[in-house]
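Dear colleague,

Please find below the structure I said I would pass on to you. My notes on it follow directly after.

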Amino acid sequence: MTDHLTDEEQLRVLKHWWKKNGSSLVTAVFIGVMAYIGFQWWQNYQQQQAEQASALYSELLKTIGVEHNNTLPDEKKNTARYLIKQLKDNYKSSQYATNASLFAAKMFVDAHDLKAAEQELLWATDHAREHLKPLIQLRLARVYVAQEKYPEALSIVDQKLVEQFGSLYAELKGDILAAQQDWENARVAYQQANGTLENTSSFRRNLLPIKLSNLPAGKK
Amino acid sequence: MLQTMRNKIKGLVAIFLIGLLVIPLALLGIENLFYKNPYAPDDVAEVNGQKITEREVQLALQSERQRLQTQFGTNVPTQLLSDESLRGPVLDRLIHRALIADVAEKGNMTLLDKEIDEIIVKLPDFQVEGKFDSDRFVNLIRSIGYSPATFRAMMRKDMVVNQMKNALLMTDFVTDQEIERAVVLSRQTRDFEWITLALGDLPESMLVSDDEVNEYYESNKQDYLSEEQVAIEYLELRVDQLEKDVTVSDDEVRAQYEQELDSLSKPTEREVAHIMIEGNDDAAQAKMLEVQEKLAAGEDFATLAAKYSDDFGSRDNGGHLGVSTGDVFPAEFEQALLDLKEGDVSEPIVVDDATHFIKLLTLNAYETPSFEKERLRITAELKRIKAEEKFVSDIEILKDLAYNAENLEEVGIELNLPVNKTALFSRSGAKDVILQDSRVLEAAFSDRVVKDGFSSEVLELSTDNSAMVIKMIEHKPVRTLTLEEKKKDITGELKLEKAKARLTEQAVSIRESLDNGTSLSALSEEKGLSLSTQVAAKRHAAGVPQELLNHLFAMPHPDDDQGRIDELSLDNGDYVIVNLTKVTSGDIENLTDDERKSLKTNLASSLAGDEYQAWQSMLREEANVEVYNTETSAL
């Protein structure tokens, strides 16, 4: 189509085109470049945040060590608390924050500070991803039971819940009702828990029938 | 057309269009727009969009096999290590791993390269002499299909999966209340007393009529089935048997002997020492004569070597030069050596510019083993080889002949093998050695042998170098047993039933008196039955049948001091009447710190394990898991 144009004419056409469309082209390229840079920056930022959280968490694991069931010396406890707080304050959306909060809850229970453990598990419930909630709520309910806050605990175990946690929830419900001396309903709950035991550790498998058989016969 | 497009695409439209093109380019890079991932036939499953490849499955299979072997040693049944039995569980585990990896990724869990590298350099697989070796690392991971970058990515995935798993497993707790509850219940003790109505000889004294037996037989005969039985004849081809029959001629043995001679003989070894005197001048000449004189006078060779020898390498070592098989030293030297007897010293020998006195220290002449000596061994070896050859060719003949054979007799004559016969036996085998082998049993009851009446295939029993063909000679199918055959059993059963009924009657009457207020002890005296008592019995207590304990600990607590009466029939037929008098809670006060601690650990890990299991199956349930092909075989 441009065969019959001389060089000079071609240049003129080009200049004309540039005059008309140049600024929009520049803008488009500019937007494209900005979008690219922006995306890169955002990715980098995400990666950085993730790595910082990861580093803090690694530090936390080192502080707690493998002997997680023993009580930590005060100094380490303080370090752990500091790291946990960092994770919870600055990296709320990271899974590491939730994990840290679970560690904190355990530390509080081990230190017999049930109120603080309750707060910790409430925080975890609020910030955790949906799939972890059944597990966190179960722990929360157990902390309620330990404080004899039975209505709160019951309101958790009475929720419509995921099937796979059925046995664990039912057993806890039995514990709560038994603690309130509601033997008949406790029996129903334990039986339900016993009926849905699956892949269960032997400890629970053994203890559950004992709980069941030790419920007094009649209503009190 | 392009012209019209160019005319129309202007201004904002142009910006919009170009922007539209730029964004995916910026996000994905140019490759992804133009090169679509080729279809990967290698994918085995997909978990929330993440693929699990055949390569991953193979690697996991390999490491699982290794794990089983280190755990159980070399005697793991091969069936357990087969792809078939391992593939399912391994794939399951990979799917679980992928599920948790997905959780971790969505939760922005990651690990720094630095931390991953720290682990990698510590892996013994990648170390040479205790130090990380990067060549070894690269080669090893390449051999399993990874590059350093993809290997690191795989490690990162494993590590975050572990972090996530541990975050749930390590954070579970046990409240004081829960510990107390567990102690109170699991360490509970109970007091009780019981009497036993023993079955003993009671069944024998029961009377059972023929009519009763008949009736019982008629109503149960559908269950009275005999075992299926067969008797077989078989031919067994054995290497050791063949060995007895093959002959080896003297000529063959001799030919073999001669062939082996080269490898049998070894050259003679001479251990040598020398005294060397360098040069041809007068001084050297004088020194040489002096040595010669002293040697002749019988002076010690080693001492002289130390004093006179110019060979610095050997003189302080008695002139010792080592061992020659005839080609170590110069020709003149070796020649002189050949003439020496053990302990002799040679005349002076001139080699190049030096004169040597040579002493033969030891002579180690190897004799070529004689034919007579080797004969037996060679004969045995040749026989074995011939027998094995014959074994292989005889198996072929056996296969051909046995396939169409009317009976094994003819085949046996052809191959000069005796035909053996077994008595009737069932699927569980019999005493005959060959019937201990599961493959023989399987063949004996196979359709081919039993239904079609053919000979079996040739069964090669590699363990003792034998091969076998079997053929059925008699078959007794399953049938209903006759009354006559079952009479004794049925009578016994009926007597037992009657005796148990008698005990139950007694128990009921005892129960009635107890309900009317008689105490168990008074009653035992009245009936002449001994009363056993147990105080503070645990769930496992010596001297009390476990069946009784299990029953007792499942009984409701007694309402008052009177206790709670119950009865049960034990497996051995005895009848027990028991009075549960007291239930005592487990002692929490005297729990030691160590006990408390270990209880706490056990409870926590048990609970955590259960929670984790539940969580995992929930993830699986909710996830989008697709398994394409579980049957893909090994490469």
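A salt bridge is taken here as a side-chain nitrogen of Lys or Arg within 4 Å of a carboxyl oxygen of Asp or Glu. B:D240 and B:R238 form such a pair, with their closest N and O atoms 3.2 Å apart. B:D240 is partly exposed, with a relative accessible area of 36%, and B:R238 is likewise partly exposed, at 23%. Please keep in mind throughout that this is a predicted model.

The two chains

Chain A has 9 helices and 0 strands, whereas chain B has 22 helices and 17 strands. Of the 220 residues in chain A, 45% are buried; for the 635 residues of chain B the share is 37%. Among contacts between residues at least 6 apart in sequence, those joining residues at least 24 apart make up 51% in chain A and 70% in chain B. Chain A exposes about 12000 Å², with carbon and sulfur atoms supplying 54% of it. For chain B the accessible surface is about 37400 Å², and 50% of that belongs to carbon and sulfur atoms.

An unreviewed UniProt entry annotates residues 21–42 of chain A as "transmembrane region". In the model that stretch is 100% helix, and its end C-alpha atoms lie 31 Å apart.

Nonpolar cores

The largest nonpolar core has 103 residues, and A:L60, B:I52, B:F151 and B:W615 have the most contacts inside it. Helix α4 (residues 83–106) of chain B gives the most to this core, with 11 residues. A second, separate core holds 17 residues, including B:F391 and B:I395. Leaving out residues up to four places away in sequence, A:L60 touches A:A80, A:L83, A:I84, A:A100 and A:F103.

The interface

Between the chains, 66 residues of chain A are in contact with 63 residues of chain B. The area buried there is about 5600 Å², of which carbon and sulfur atoms give 62%. A:R139, A:R142 and A:Q164 supply 12% of the area that chain A buries against chain B, more than any other three residues.

B:T110 is found in the loop between α4 and α5 (113–122) of chain B. Its relative accessibility is 8%, which is under the 20% limit, so B:T110 counts as buried. Apart from neighbours within four places in sequence, B:T110 is in contact with A:Q47, A:A50, A:E51, A:S54, A:Y96, B:R156 and B:V160.

Salt bridges

The whole structure contains 53 salt bridges over all chains, and the count between chain A and chain B is 7.

Within chain B, B:R596 forms a salt bridge with B:D176 at 4.0 Å. This pair links helix α22 (residues 593–622) to helix α8 (residues 176–186), the two residues being 420 apart. B:R596 is partly exposed at 26%, as is B:D176 at 28%.

B:R375 and B:E372 also meet in a salt bridge, 3.2 Å from N to O. Because they are 3 residues apart in helix α15 (residues 371–404) of chain B, about one helical turn separates them. B:R375 is partly exposed at 24%, while B:E372 is exposed at 54%. Elsewhere, salt bridges that share partners join A:R139, A:R142, B:D172, B:E178 and B:E611 into one network.

With kind regards

How values were computed
Residues numbered from 1 in each chain as written. Chains lettered and ligands numbered in written order. Predicted model: local features only at pLDDT ≥ 70, side-chain atom pairs only at ≥ 80, totals over all residues. Heavy atoms only, no water. UniProt positions renumbered as here; feature names shortened; annotations may be inferred. Helix = DSSP H or I, 4+ residues; strand = E, 2+ residues; numbered from the N terminus. Core = buried A, V, L, I, M, F, W, Y, C linked by side-chain atoms within 4.5 Å. Buried < 20%, exposed > 50% of the residue type's maximum accessible area, 1.4 Å probe, protein only. Contact = heavy atoms within 4.5 Å. Areas by Shrake-Rupley, 256 points an atom, 1.4 Å probe, with all protein chains shown as cover. Buried area = accessible area lost by both parts, 1.4 Å probe.
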